Amino acid sequence: MIKVITYGTYDLLHYGHIRLLKRAKALGDYLIVGVTADDFDKTRGKINVQQTLMERVEAVRATGIADEIIIEEYEGQKIDDIRKYDIDIFTVGSDWKGKFDYLKEYCEVVYLERTEGVSSSELRAEKRDIRLGMVGDAAFLNKIYKESKYVNGLKISGVYSGNRSRFSEELTNMGVESYEKLLKLSDAVYIRSLPQDHYSQIKLALNEGKHVICESPLTLDTDEANELYDLAKKNKVVLMDAIKTAYSTAYLRLLLLIKSGKIGDVISLDSTCTSLAKHKTDWPGFYEWAPTALLPIIQILGNCNRTSIVSHSSEENSDLFSKIILVYDSAIATASVGDGVKSEGQLIISGTKGYIYVPAPWWKTDYFEIRYENPNDNRRYFYQLDGEGIRYELVEFVRTIENSKNTFNIDKATSLEIISICNKYKNNDVVRI
């Protein structure tokens, strides 16, 4: 029996895919199809895959062509699979010609001519036509503009700002004179204005039928946030809380490992996010950093009814450094945030079996360690991170708009808990030192 293997993403499965699979099957007696996992696609630059892994697997299965379907998850897996399944022929489309010649040492390699005039990338681009407007004065919007270029069909329609001095020349030239005009030019908006402006700007956009992605916190009041969530649902538009860390592969894998019990029960969590005053952002340091610092605490330990804030200030800056203390029934967590005191920006999650260490800056890491009592049991994990996670966040925003499926990595409960803690700070419910 001649065994054949081929690989692909198979996003938005089309005639070209099916024709290629049929020709691959005709090369032998038994066809194994490897469908690439989402994370592996990211490392190859395919961040705009529209369908989930399981949707793509089921689409291939439905063709009835594959005798067996496997998942491709890591670099070098093709050699392992060829050996494991005793493969006679490896085949792939001719657009990869020469790329896999190194596999000739293990089996025959055949490059098949692709079907002209059809591709998943073109189909994605045709389907997507989302005009994204940006709001705010922050230099961070330069990054949003840059990362948007990696997402098929997402186009920046303009930027509304009261101060464009921090923008690149290209972005400055895209300025519009009013928020209302920006909304007319856009299908969706990315809001990075001051937190106290979020509520009114989000509400106006939702009432105009525009989708919204807004830097966390969405508002500084939970009642306002609930009103906005209800309005988004009523108008059938997307309202997404933006924290780029939530979309990085390393962070997502960290959460899964904790849930699988790798470090036992979590007893303590310490998260630090700070910056120096000379690098001061447009936001007060508490609002700038608290949502990110709180993210792993809330997603791992849940909401907390016993939260206190201790804040250090000076005459020049009332927002130098704060420590948020969250006491749970069987765990304790701290989030250290500020814009004027520099500390080691690490994340440490302690459990009954071991602990996870994420080095600074943990919020845009591609690496973390699980450490145990016996150092020989320690494990290191590496994952590629492009664009600080921003491009992955934008992809999920676009995907949700198109599919009407909530694939956000920050749920409503987490968003509301972040807002609740920010509201304590806003109302000066803190201990000042």
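How are H9 and H10 oriented to each other? H9 and H10 are roughly parallel (angles under 35 degrees). The model is predicted, so that local features need pLDDT of at least 70 and side-chain atom pairs count only at pLDDT 80 or more, while totals for chains, interfaces and linings use all residues. Residues are numbered from 1 along each chain as its sequence is written, and side-chain values use heavy atoms, without hydrogens and water.

Helix H9 spans residues 195-207 and helix H10 residues 222-235; their axes come within 9 Å and cross at roughly 15 degrees. The crossing of H9 with H10 is left-handed. In H9, Tyr199, Ile202, Lys203, Leu206 and Asn207 meet residues of H10 that include Glu224, Leu228 and Asn235, contact being heavy atoms within 4.5 Å. The contact of H9 with H10 has six nonpolar, two polar and three charged residues.

Helices H11 (residues 249-259) and H12 (residues 285-301) pack at an angle of about 30 degrees, with axes 11 Å apart. H11 is therefore roughly parallel to H12. The crossing of H11 and H12 is right-handed. Tyr251, Leu255 and Ile258 in H11 meet Leu295, Pro296, Gln299 and Ile300 in H12.

Glu72 lies in strand S3 (residues 68-72). With a relative accessibility of 1%, Glu72 counts as buried (under 20% relative accessible area, 1.4 Å probe, protein chains only). The side chain of Glu72 makes a polar contact with the side chain of Lys78 at 2.5 Å, a polar contact being a pair of N or O atoms within 3.5 Å, one able to donate a hydrogen and the other to accept it.

Note on methods. Axes are lines fitted to C-alpha atoms, for helices over the stretch in contact, and angles run from 0 to 180 degrees between N-to-C directions. Helices (H or I, at least four residues) and strands (E, at least two) are DSSP runs, numbered from the N terminus. Angles under 35 degrees count as roughly parallel, over 145 as roughly antiparallel, 65 to 115 as roughly perpendicular and the rest as oblique. A crossing is left-handed if the near helix is turned anticlockwise from the far one by less than a right angle, and right-handed if clockwise. Buried means under 20% relative accessible area, exposed over 50%, partly exposed in between (1.4 Å probe, protein chains only). Ala, Val, Leu, Ile, Met, Phe, Trp, Tyr, Cys and Pro count as nonpolar, Asp, Glu, Lys and Arg as charged, and the others, Gly among them, as polar.
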